[in-house]
Amino acid sequence: MSNKNIRDQIINNTRNKSNIFERMIPVILLLITSVSILATIGILVTLLSESFEFFSRVPITEFLTSATWQPYVGDGEWGIWALIMGTLKIVAIAVIFAVPIGLGAAIYLSEYASDRVRRIIKPILEVLAGIPTVVYGFFAINFVNPILQGIYSGFGLYNAVSAGIVVGIMIIPMIASLSEDAMSSVPTAMREGSLGMGATRLETAIRVVIPAAFSGIVASFVLAISRAIGETMIVSIAAGSMPNASFDVTEPLQTMTGFIVQITSGDAAFGTDLYYSLFAVGMMLFIMTLLMNVIASWFTKRFKEEY
Amino acid sequence: MAELKTKIKQNTQEQSVEKSPIIQEEKEVVFQSKNFNLWYGDNHALQDINLTFHENDINAIIGPSGCGKSTFVKSLNRMTELVPIVRTEGDIDFRGDDIFKSGMSVEELRTRVGMVFQKPNPFPKSIYDNVAYGPRVHGIKKKAVLDQIVEKSLRSASIWDEVKDRLTDNAYGLSGGQQQRICIARALAVEPEVILMDEPTSALDPISTTKIEDLMQELKKDYSIIIVTHNMQQAARVSDRTSFFYQGYVVESDDTNVIFENPSDKRTEDYVSGRFG
Amino acid sequence: MTVYREKFHEELNSLISECINLGKECQIRLAGTVEILVAENIDAARKVVRKDAEINRMEADINAHAINLITTQAPVATDLRTIISCIKIADNLERIGDNISNVAEVRKRIKITNERTLLRFKTMERLASLMLEDVYTAFKEEDMDLLDEIILRDQDIDAVFVQITTSDIFEESDAFLTGQIQLTAKYLERIGDHIKSIAEHIYYIHTGDPYEKHKSE
């Protein structure tokens with residue numbers, strides 16, 4: 001008796017569900033999505049068109065092959081390699097510093113740490129991710145650099161290593177947290193299969209868990225490296241503003257991001273070469289990040305173990 | 001193949017193993033538990049387990065859910081230690097050596113005592129890499145040797161013909177029954193002496209189950225098998241000896257035909273007749 | 001401890017009941033066996049022979065029911081022994097029915113009038129009837145000692161049989177009659193053997209060992 005009543009109620013409700021609303025939802029959501037797509041397209045189009053204006057004034061060959069970036073000297077020397085090298089020095093040092101620590105922490109947390117330890121350490125790592133970059137920059141120049149200068153007196157006030165290390169510290173949580181998530185998602189059954197054959201925990205972590213979590217781990221690297229490439233505050237404070245294409249990491253340098261900050265907070269009159277160079281450098285940054293994503297994608301497809 | 005066994009043992013820091021001096025019914029004792037107790041925290045999961053398992057026997061362990069049968073079998077290769085709140089008392093001897101106290105490393109124990117799990121758990125690698133995993137981890141690198149081991153193990157697991165032309169395919173592309181046989185091949189690749197099987201066919205269809213049961217009869221010639229099963233017909237069909245676990249202790253342990261035709265304990269009779277579970 | 005497989009247990013009990021009913025039916029018919037030999041009308045004998053078909057049908061039903069239980073329920077241990085023994089006991093009971101019918105057939109050929117012979121027959125019938133009664137009791141009460149006793153009592157029936165066939169018949173002159181008397185004695189003796197068999201099967205249900213093993217101890 002009451003069954004029929006409930007059944008009727010349910011059927012009535014199903015019939016009454018607003019059809020119109022249901023059909024409008026995909027449209028509304030599409031409109032919302034388009035906002036972000038349009039923004040991306042807008043930025044891209046602006047970068048492209050303004051860069052185009054820059055390359056009508058400065059030959060693209062000079063841009064791509066020269067190693068000197070001196071906007072204030074005469075007509076300006078516009079060799080992007082100086083800025084690219086600056087960025088690469090920072091990123092390389094950051095990665096060399098952050099990957100072993102981040103990955104090591106991830107392995108420890110997912111394979112060795114007890115539940116209690118994990119619950120304490122993971123949030124602390126996430127706090128590290130929340131520290132404002134300006135504080136990091138300050139920390140680099142006032143704390144890390146004096147230590148470096150104590151080890152080797154050749155370090156200048158601004159150099160690649162102090163900024164690089166601190167950028168590395170900033171991206172550790174990204175690598176550690178995301179890699180650990182990826183590794184924890186690997187089913188325990190797989191670890192049991194490996195341990196059951198007499199493999200040690202470390203062998204299991206390296207031969208089974210990491211390959212299985214590979215795409216997640218690579219994704220964490222991509223994110224971290226992109227972040228390092230685009231890092232502006234720390235390098236502005238601690239790396240200096242002297243663009244050069246040398247491999248010397250004890251000298252000041254300037255990154256692409258550092259250059260953009262310097263000019264936009266200073267004197268770039270509209271219509272000058274200097275003004276348009278900002279867009280060219282921005283375009284370069286964008287291409288670098290894009291390239292990195294493509295490489296990572298290829299890398300993952302090639303080596304990952306799908307399950 | 002004997003030299004492979006030596007290589008594997010050397011890699012896991014072999015201690016000299018003395019064959020057990022206890023000989024019953026012409027067959028050597030392979031595992032013996034003496035007053036073995038296990039606690040999960042406060043839960044006294046295994047109580048005074050005294051059981052003996054002989055060479056080349058298929059030993060079935062039956063009992064209702066939660067009776068401790070899986071826990072006991074996982075104690076035999078110390079997989080229970082993966083859970084931090086586990087505490088044990090009493091001995092388990094493998095060929096006369098106490099698996100907890102003697103110098104045998106847990107890695108060596110697990111190499112000599114292999115395990116097949118309830119849900120097939122191949123690695124997301126190729127079939128070849130799955131089977132070669134164990135030998136590689138134990139230091140065998142030469143491709144020719146690995147090729148041999150992989151073929152032998154896949155043959156022993158009755159799956160060579162089905163996969164010999166696609167060894168580089170990912171193991172996940174196989175059916176459940178095939179995956180389980182790959183897991184068996186993988187366990188065999190390190191040449192264990194005992195194979196523990198924790199409800200190996202409960203996730204499989206009837207034909208795969210039959211194939212694996214037939215496989216067990218073949219494997220019995222070279223290995224000792226201890227199988228946990230909640231399928232009583234399977235225990236009756238497949239095993240030589242059966243032990244009935246109930247609420248953490250052993251009610252009865254005897255030849256399989258005794259347990260299923262004329263058991264001594266009424267609880268055993270009731271359980272195998274399906275009067276409770 | 002919840003009890004599972006109620007349907008199976010109901011069916012098993014039902015099978016046992018069928019066996020008991022068949023036994024009771026045989027019991028009833030056994031009581032009138034020797035009387036048929038002195039019945040005035042041959043029709044009474046014919047009726048007994050016809051009614052044997054009913055016993056055969058009951059036995060066939062028990063077999064079918066048992067096979068069905070084995071196929072569908074995969075019984076083990078005591079349950080399996082019970083089912084197999086029900087098949088065998090039903091077979092024994094069916095043959096008892098046949099033997100009763102065989103005695104009726106004798107009446108169709110000749111009427112037996114010798115008082116002493118009839119008395120001997122009546123004794124055998126009575127002994128068998130008591131054995132059958134006691135077998136049922138032993139089964140219900142799981143009385144293994146009673147089974148031992150019943151099995152021994154078969155020798156009493158055998159003793160009367162020997163009496164009839166080795167001394168009594170030599171007093172008859174009619175060869176045909178002698179033959180029929182021997183046959184009748186044989187049928188009655190067989191009934192005793194079948195009941196002994198039933199007792200042995202019941203022993204097997206409860207102990208899991210064949211009676212032979214127990215006898216040699």
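Visitor: Which element gives the most to the lining of the second largest pocket?

Guide: First, how to read a lining. A pocket is an open set of points on a 1 Å grid over the protein atoms alone, where a 1.4 Å probe fits, with protein on both sides within 12 Å along at least five of seven lines; lining residues have an atom within 4 Å of a point. Elements are DSSP runs numbered from the N terminus: helices are H or I with at least four residues, strands are E with at least two. Here α4(C) leads, with 4 residues in the lining of the second largest pocket.

Visitor: What should I know about the model and its numbering?

Guide: The model is predicted, so local features need pLDDT of at least 70 and side-chain atom pairs need pLDDT 80 or more, while totals for chains, interfaces and linings use all residues. Residues count from 1 along each chain as its sequence is written, chains are lettered from A and ligands numbered from 1 in the order written, and side-chain values use heavy atoms, without hydrogens or water.

Visitor: Back to that pocket. How much space lies in the second largest pocket?

Guide: A volume is the space filled by probe spheres set on the points, and grid points are joined across faces, edges and corners. The second largest pocket holds about 430 Å³. It has 16 lining residues, and Thr78(C), Thr82(C), Glu142(C), Ile205(C) and His206(C) are the closest to its centre. Two or more residues each come from α11 of chain B and from α1 (6–31), α4 (77–109), α5 (115–141) and α7 (175–207) of chain C.

Visitor: How does the lining of the second largest pocket split by class?

Guide: Ala, Val, Leu, Ile, Met, Phe, Trp, Tyr, Cys and Pro are nonpolar; Asp, Glu, Lys and Arg are charged; the others, Gly among them, are polar. In the second largest pocket that gives 4 nonpolar, 4 polar and 8 charged.

Visitor: And what is the volume of the largest pocket?

Guide: About 570 Å³. Its lining has 22 residues, with Ser110(A), Glu111(A), Thr188(A), Arg201(A) and Leu82(B) nearest the centre. On chain A, α4 (81–112), α5 (115–130) and α8 (188–195) each give at least two lining residues. By class, the lining of the largest pocket has 10 nonpolar, 5 polar and 7 charged residues.

Visitor: Which pair of chains shares the most contacts?

Guide: Contact means heavy atoms within 4.5 Å. There are 2 pairs of chains in contact, and chains A and B share the most contacts. Chain A and chain C do not touch; their nearest C-alpha atoms lie 29 Å apart.

Visitor: How many residues are in contact between chain A and chain B?

Guide: 21 from chain A and 22 from chain B. For area, take the accessible area (1.4 Å probe) that two parts lose on being put together, summed over both. Chains A and B bury about 1,800 Å², and carbon and sulfur atoms give 61% of that.

Visitor: How many salt bridges are there between chain A and chain B?

Guide: A salt bridge needs a side-chain nitrogen of Lys or Arg within 4 Å of a carboxyl oxygen of Asp or Glu. Chains A and B have 0. Polar contacts are a separate count: N or O atoms within 3.5 Å, within protein one able to donate a hydrogen and the other to accept it, and sequence neighbours only if both atoms are side-chain atoms. Chains A and B have 4 such residue pairs, both at pLDDT 80 or more. On the chain A side, α8 and α9 (201–212) each supply at least two residues. The largest share, 7 residues, is from α9(A). That side divides into 9 nonpolar, 6 polar and 6 charged residues.

Visitor: How many residues of chain B are in contact with chain C?

Guide: 12 residues of chain B meet 15 of chain C. The buried area is about 1,100 Å², with 46% from carbon and sulfur atoms. Asn262(B), Ser273(B) and Arg275(B) supply 40% of what chain B buries there, more than any other three residues.

Visitor: Which side chains meet in a salt bridge there?

Guide: The count between chain B and chain C is 1. Arg275(B) pairs with Asp79(C), at 2.8 Å from N to O. Chains B and C also have 7 residue pairs in polar contact, both at pLDDT 80 or more. On the chain B side, α10 (256–261) and α11 (266–272) each give at least two residues. That side has 4 nonpolar, 5 polar and 3 charged residues.

Visitor: How many helices and strands does chain C have?

Guide: 8 helices and 0 strands. Its C-alpha atoms fill a box of roughly 70 × 40 × 20 Å along the principal axes.
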